Amino acid sequence: MKIGILSEWDTDEAAYKILVESILGRPVETMKSYRKRSGWAQAKALVRAIIRDLHFAGADGFVFVGDSDSTPPHAASHDELPNGFPGCRLCEIRQIVATATQGLRERSGQPRLKTAVGMATPAIEAWLLSGLEANCTEAWFREEHTRGRLSDQTRRNLKIRKYGSLEASADIKLQRTLENAHRIADDLDGLELPFQFGFGHLRNDLEQW
Amino acid sequence: MFIKSIKFRNVRVLRETELPLGRFTLLIGPNGSGKTTALHALASFAPPKWPWPEGFSVGLEGDRSTWEARMELQWIDDGSSESISDVTTIFRYRPPEGQTLEYQRPSGVDGGAKSKLRLWAKRIRLYSFNASRIAEAVPLQPSAEMDPSGHFMSVVLDRLRDLYPERFERINEALTSWLPEFDRILFDTPSEGQRCVALRTRKGKHNIGAADLSQGTLIVLALFALAYSAQPPSLVLVEEPDRGLHPRLLRGVKDALYRLSFPEESGEDREPVQVVATTHSPYFLDLFRDHPEQIVVAEKKGNEAMFSRLVDRDDLDGLLDESPLGDLWYSGVLGGVPSDA
């Protein structure tokens, strides 16, 4: 199975690929590695272009996992709103992906491009620290958001806790990312329990492929 | 007249590919994807040993007994007096030394046209600006021209001031627009018979010598010297003209290069200069959204690199509706990014 993944860094992509393979129960080939320069606005615009690119390139699937940063984390109540919850990135990107795939014409001899969307709250580092730190859960970060305490500093603290420092070398980042990605991929239920929406949606999408 | 394309076979990483060229071409691609090789190959066709490529190594790889490298240039006349259409010159290199052994002369071209080709090729120039070299004081030589690093720029500007004062004034106007802290180009004489450029500050009217100017400022001056030249080269090959410049200055860089390629659009009454530039800047690429036909993507796969025109993508219009060109390139949608593949 050939897929495309959009991420910010090589290390993030490596972690997503491990999770995707664990959920699907089979190896996947990263047909194209997409990188975004920065910013949510840019990522949204790129998603549409990447879906189009993968569609024409004959890929089987597209996986997007974003960071919610300091925006409202997804909640069950969002799924009942016709246009999603304002400011929720998971709601927003799911709509964008749905619209983008609907606009693609049929491919001869190949099924439609499959898609899967997840949202790490507040960042991928939280998933990778799952099971190691008691407060590393969507519920805890949602509470922090409600209290107005979810900020860039939250992200920085997560990075420091995961990599040891903000200045960790790329080698160390990759090594620690792979170690933790394999650990959480071996216990998908253990990751979904604390991250039931951001990771749960990704898992659900992939299980329908 | 301009070069319509150059085909490569076994020229370093360019194993079998064709680089299509227009009046203006912007090459994008990862490091090691043959952009510089292509520029140096084109530059090698300038005399003195015309038509033999000079100072260019194609690299020797593979089975040396059967190895052959080849470059094939297609020239075209864009409608000026003597018509030369689709002239092809082919160069073959063979082992053991890799020297040119065969040269296929343009067929169906008369002596006058050949002479025209030769004169055109004589004015091919390659630039890869180096701020340190631009800043150096240089001896006053009446025929000196800017070398590939930008060395001798001070003498070129000094001569422009004397022979074409109206052009020199236009550079001063451009200077105040690009770098508003300065209002005039001046010249120092560090020793007898030498020149070195200096800039006068708008406030306080202080002279800032070349050695104290920023690298970006010096590169801007070199671009001015090129773009406002009264007798520019026929083909300008320029590596990363945006190097060291603030992103807001990149529109000016594009304008300067377009001044060469599309002189009629800037009130210049002269032949267009063919320009081939490279860049690694998504910001610079963003400026060419309306001209995807000017973009060529260099793609590296393993040890082989290939060129393709951006406009040859079937889905380009849809992609350009979605995202800025620079983002599409950086993300990998357009290709031309570093890859393990």
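This is a predicted model: local features need pLDDT of at least 70, side-chain atom pairs count only at pLDDT 80 or more; totals for chains, interfaces and linings use all residues.
**View 1**
Chain B contains 10 helices and 15 strands. Of its 341 residues, 43% count as buried. Among the contacts in chain B with a separation of 6 or more, 62% are accounted for by residues 24 or more positions apart.

**View 1. The side of chain B that touches chain A.**
Here 13 residues of chain B are in contact with 15 residues of chain A. The elements that give two or more residues to this side of chain B are α9 (316–322) and α10 (325–331) of chain B, and α10(B) gives the most, with 4 residues. Sorted by class, this side of chain B has 5 nonpolar, 4 polar and 4 charged residues.

The buried residues include Thr217(B), Leu218(B) and Ile219(B), together with Phe224(B) and Ala227(B).

**View 2. The packing of α6(B) with α7(B).**
The axes of α6(B) and α7(B) come within 9 Å and cross at roughly 20 degrees, and this angle, being under 35 degrees, makes α6(B) roughly parallel to α7(B). The crossing of the two helices is left-handed. On the α6(B) side the contact involves Leu223(B), Phe224(B) and Ala227(B), which meet Val253(B), Ala256(B), Arg259(B) and Leu260(B) in α7(B). By class, the residues of the contact of α6(B) with α7(B) divide into 6 nonpolar, no polar and 1 charged.

**View 3. Helix α3 of chain A and the elements it packs against.**
Helix α3 of chain A, residues 89–102, has 14 residues and reaches 20 Å from its first C-alpha to its last, close to the 20 Å expected at 1.5 Å a residue. Its buried residues are Arg89(A), Leu90(A), Cys91(A), Ile93(A), Arg94(A), Val97(A) and Ala100(A). These buried residues pack against α2 (40–57), β3 (61–67), β4 (114–120) and α9 (198–207) of chain A.

**View 4. Val97(A) and Glu92(A), two residues of helix α3 of chain A.**
Val97(A) has 20 C-beta neighbours inside 10 Å and therefore counts as buried, whereas Glu92(A), with 19 C-beta neighbours inside 10 Å, counts as partly exposed. The cut-off for a buried residue is 20 or more such neighbours. Not counting residues up to four places away in sequence, Val97(A) touches Val47(A), Ile51(A), Phe64(A), Thr115(A) and Val117(A). The C-alpha atoms of Val97(A) and Val47(A) are separated by 7.2 Å, although the two residues are 50 residues apart along the chain. Glu92(A) and Leu46(A), 46 residues apart in sequence, are 14 Å apart in space, C-alpha to C-alpha.

**View 5. The packing of α1(A) with α7(A).**
Helix α1 (residues 10–24) and helix α7 (residues 170–185) of chain A pack at an angle of about 15 degrees, with their axes 9 Å apart, and are therefore roughly parallel to each other. α1(A) passes α7(A) in a right-handed crossing. In α1(A), the residues Thr11(A), Ala14(A), Ala15(A), Ile18(A), Leu19(A) and Ser22(A) meet Lys173(A), Leu174(A), Thr177(A), Leu178(A), Ala181(A), His182(A) and Ala185(A) in α7(A). The residues of this contact divide into 8 nonpolar, 4 polar and 1 charged.

**View 6. The packing of α1(A) with α9(A).**
α1(A) also packs with α9(A), at an angle of about 50 degrees and with the axes 9 Å apart, which makes α1(A) oblique to α9(A). The crossing of α1(A) and α9(A) is right-handed. Val20(A), Ile23(A) and Leu24(A) of α1(A) make the contact with Arg203(A), Leu206(A) and Glu207(A) of α9(A). By class, the contact of α1(A) with α9(A) has 4 nonpolar, no polar and 2 charged residues.

Notes. Residues are numbered from 1 along each chain as its sequence is written. Chains are lettered from A and ligands numbered from 1 in the order in which they are written. Two residues are in contact if their C-beta atoms, placed from the backbone, lie within 7 Å. Ala, Val, Leu, Ile, Met, Phe, Trp, Tyr, Cys and Pro count as nonpolar, Asp, Glu, Lys and Arg as charged, and the others, Gly among them, as polar. A residue is buried if 20 or more other C-beta atoms lie within 10 Å of its own, exposed if 12 or fewer, and partly exposed in between; C-beta atoms are placed from the backbone. The expected span of a helix is 1.5 Å times one less than its number of residues. Axes are lines fitted to C-alpha atoms, for helices over the stretch in contact, and angles run from 0 to 180 degrees between N-to-C directions. Angles under 35 degrees count as roughly parallel, over 145 as roughly antiparallel, 65 to 115 as roughly perpendicular and the rest as oblique. A crossing is left-handed if the near helix is turned anticlockwise from the far one by less than a right angle, and right-handed if clockwise.
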